[in-house]
Amino acid sequence: MFLGTHTPKLDDKGRFFLPAKFRDELAEGLVVTRGQDRCLAIYPMATFVAKTQQMASAPATVRQVRDFQRMLASSASDEVPDKQGRISVPAVLRDYAGLDKDIVVVGAIDRVEVWNPQAWEEYSAAQEASFAELNEEIFPIL
């Protein structure tokens, strides 16, 4: 499970150090791809494979299925962290998420998200007001 907020830096080659507490779960390999809300999503390889197998069973005759599969896969990059725990973020993904030197890395339960700091601040502030209401909607009283 991925939890917490971290603020590593991208180096000149587009790499950053994974937070130490995420490294073991991502050590065998991971996939970096587009996430929702203009962030990047990083999945452990096994989680990404399970998600793509589920998507592959959806009917390709449905336009939204094809669109989602294309957008997810076309930007995906499989990576293995180096010995220091760094991963590379391809330029196309850095551009998509508006990443420069400063980044915010957020644990999001089954994935890690990478955000532009300003975008994260704006998103987080906008969601704060509805957080309690979302809890009631997502986990209604049984």
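Student: How do β4 and β8 pair?

Tutor: Strand β4 (residues 40–44) and β8 pair in the antiparallel sense, over three bridges. Strands here are DSSP runs of E of at least two residues, helices are runs of H or I of at least four, and both are numbered from the N terminus. Two strands pair if DSSP finds at least two bridges between them. The bridge partner of A41 in β8 is E113.

Student: Before we continue, what kind of model is this?

Tutor: It is a predicted model, in which local features need pLDDT of at least 70 and side-chain atom pairs count only at pLDDT 80 or more, while totals for chains, interfaces and linings use all residues. Residues are numbered from 1 along each chain as its sequence is written, and side-chain values use heavy atoms, with hydrogens and water left out.

Student: Which way do the residues of β8 point?

Tutor: In β8 (residues 112–115), V112 and V114 point one way and E113 and W115 the other way. All of them are buried, where buried means under 20% relative accessible area, exposed over 50% and partly exposed in between, with a 1.4 Å probe and protein chains only.

Student: How many bridges join β7 to β8?

Tutor: Four bridges join β7 (residues 104–107) to β8, and the two strands run antiparallel. G107 has V112 as its bridge partner in β8. Four residues lie between the strands of this hairpin, where I109 takes a positive phi near 65°. I109 is exposed, with a relative accessible area of 52%.

Student: Where else is there a positive phi in a residue other than glycine?

Tutor: D37 has a phi near 65°. D37 is in the loop between β3 and β4, and counts as partly exposed at 48% relative accessibility. As background, most residues other than glycine have a negative phi.

Student: What is the strand order of the open sheet?

Tutor: The six strands have the order β1-β7-β8-β4-β3-β5, with antiparallel pairing. β1 (5–6) and β5 (77–79) are the edge strands, each pairing on one side only. Helix α2 packs on the sheet and touches β3, β4 and β5, its direction making about 100° with that of β4.

Student: Which residues have the most contacts inside the largest nonpolar core?

Tutor: They are F16, L26, L40, I42 and V114, in a core of 20 residues. A nonpolar core is a set of buried Ala, Val, Leu, Ile, Met, Phe, Trp, Tyr and Cys residues joined through side-chain atoms within 4.5 Å. At least two residues of this core come from each of α1 (20–26), β3 (30–34), β4, α4 (91–97) and β8. The largest share, three residues, comes from α4. A second, separate core of six residues includes V31, A41, Y43 and M55.

Student: Now the helices: why are α2 and α3 described as roughly antiparallel?

Tutor: The axes of α2 (residues 45–56) and α3 (residues 63–74) come within 11 Å and cross at roughly 155°. Axes are lines fitted to C-alpha atoms, for helices over the stretch in contact, and angles run from 0 to 180 degrees between N-to-C directions. Angles under 35 degrees count as roughly parallel, over 145 as roughly antiparallel, 65 to 115 as roughly perpendicular and the rest as oblique; α2 and α3 are therefore roughly antiparallel to each other.

Student: Which residues make that contact?

Tutor: F48, M55 and A56 of α2 meet V65, F68, Q69 and L72 of α3, contact meaning heavy atoms within 4.5 Å.
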